[in-house]
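Here are some notes to read with the model open beside you. Please go through them in order, as the later points use terms set out in the earlier ones.

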Amino acid sequence: MIAQFLFFLLAIVAVTAALGMLLSRNPVTSALWLILNLFCIAGLYLTLHAQFIAVIQVLVYAGAIMVLFLFVIMLLNLAALPAFRQVDLRRGVAFVLVMGVLAELAYITAMAAGVLPEPVPPEQAAQTGYAAEIAKELFTRYALPFEMVGVLLLAATIGAVMFAKRRFV
């Protein structure tokens, strides 16, 4: 009962933090909202008995957020940002309602097509959260995608450095 309450509380805070990140005009504030969101997601992983993923979520993504923050500082001219405009509340409410209806339609369609994943027993879910199981799958079954992600991140880092070194006229 407490785990379910904690799960829903963390989910609500994560969604709120995600909206705060999207609606924030200041890159620093947006990055802070994103960090809160990542911590809430790590908490969600803990409630699902995936301790390794939760720790990696905090270590890797919190570190990645700091790198992203540096990229934002390097790439954007913060003095040139436009002034904050008033957010139209009606558009925001309409957006949330439309997204809710679309999510419900996607869920019903997936359920009718029978493509939803089967629920996993808690014992099996807890076992897949261990580092040894994840490493075994990552370095055997998913080795090629793992290498491709590494090359993609390296190319993004080199591209960001190249953009940062470019002189603006």
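The points below go from the overall fold to single residues.

1. **Ground rules.** This is a predicted model, in which local features need pLDDT of at least 70, side-chain atom pairs count only at pLDDT 80 or more, and totals for chains, interfaces and linings use all residues. Residues are numbered from 1 along each chain as its sequence is written, and side-chain values use heavy atoms, with hydrogens and water left out.

2. **Overall fold.** The chain has 7 helices and 0 strands, giving the pattern α-α-α-α-α-α-α along the sequence. Helices (H or I, at least four residues) and strands (E, at least two) are DSSP runs, numbered from the N terminus. Of the 169 residues, 16% count as buried. Here buried means under 20% relative accessible area, exposed over 50%, and partly exposed in between (1.4 Å probe, protein chains only).

3. **The largest pocket.** Its volume is about 610 Å³, and 19 residues line it. Those nearest the centre are Phe-52, Ile-53, Ile-134, Leu-138 and Phe-146. Helix H3 (51-75), helix H5 (122-128), helix H6 (131-141) and helix H7 (143-165) each give two or more residues to the lining. By class, the lining has 13 nonpolar, 4 polar and 2 charged residues. For these classes, Ala, Val, Leu, Ile, Met, Phe, Trp, Tyr, Cys and Pro count as nonpolar, Asp, Glu, Lys and Arg as charged, and the others, Gly among them, as polar.

4. **How the pocket was found.** The search runs on a 1 Å grid over the protein atoms alone; a pocket is an open set of points with protein on both sides within 12 Å along at least five of seven lines, and lining residues have an atom within 4 Å of a point. Grid points are joined across faces, edges and corners, and the volume is the space filled by probe spheres set on the points.

5. **The salt bridge.** How many salt bridges does a search of the whole structure find? There is 1, where the term means a side-chain nitrogen of Lys or Arg within 4 Å of a carboxyl oxygen of Asp or Glu. Glu-137 pairs with Arg-141, with 3.7 Å between the closest N and O atoms. Both residues lie in helix H6, 4 residues apart, about one turn of the helix. Glu-137 is partly exposed at 30% relative accessibility, while Arg-141 is exposed at 61%.

6. **A nonpolar patch.** Phe-95, Val-96, Val-98, Met-99, Val-101, Leu-102 and Leu-105 make a nonpolar surface patch of about 640 Å². Patch residues have over 30% relative accessible area and no salt bridge; nonpolar side chains (Val, Leu, Ile, Met, Phe, Trp, Tyr) are joined within 5 Å. The areas come from the Shrake-Rupley method with a 1.4 Å probe, and for residues only the protein chains shown count as cover. Val-98 sits in helix H4 (residues 89-113) and counts as partly exposed because its relative accessibility is 45%.

7. Phe-7, in helix H1 (residues 2-23), is 39 residues from Leu-46 in sequence and 9.1 Å from Leu-46 in space. Ile-41, in helix H2 (residues 27-47), is 31 residues along the chain from Leu-10, with 7.4 Å between the two C-alpha atoms. Phe-7 is partly exposed at 29%, and so is Ile-41 at 24%.

8. **From H2 to H3.** Do have a look at His-49, in the loop between H2 and H3. Its phi is near 65 degrees, a positive value in a residue other than glycine. His-49 is partly exposed, with a relative accessible area of 41%. Further along, Val-55 belongs to helix H3 and is partly exposed at 47%.

Definitions and conventions:
Patch = residues over 30% accessible without salt bridge, like charges linked within 9 Å, V, L, I, M, F, W, Y side chains within 5 Å. 1 Å grid on protein atoms, 1.4 Å probe; cavity = no way out; pocket = protein on both sides within 12 Å on 5 of 7 lines; lining within 4 Å.
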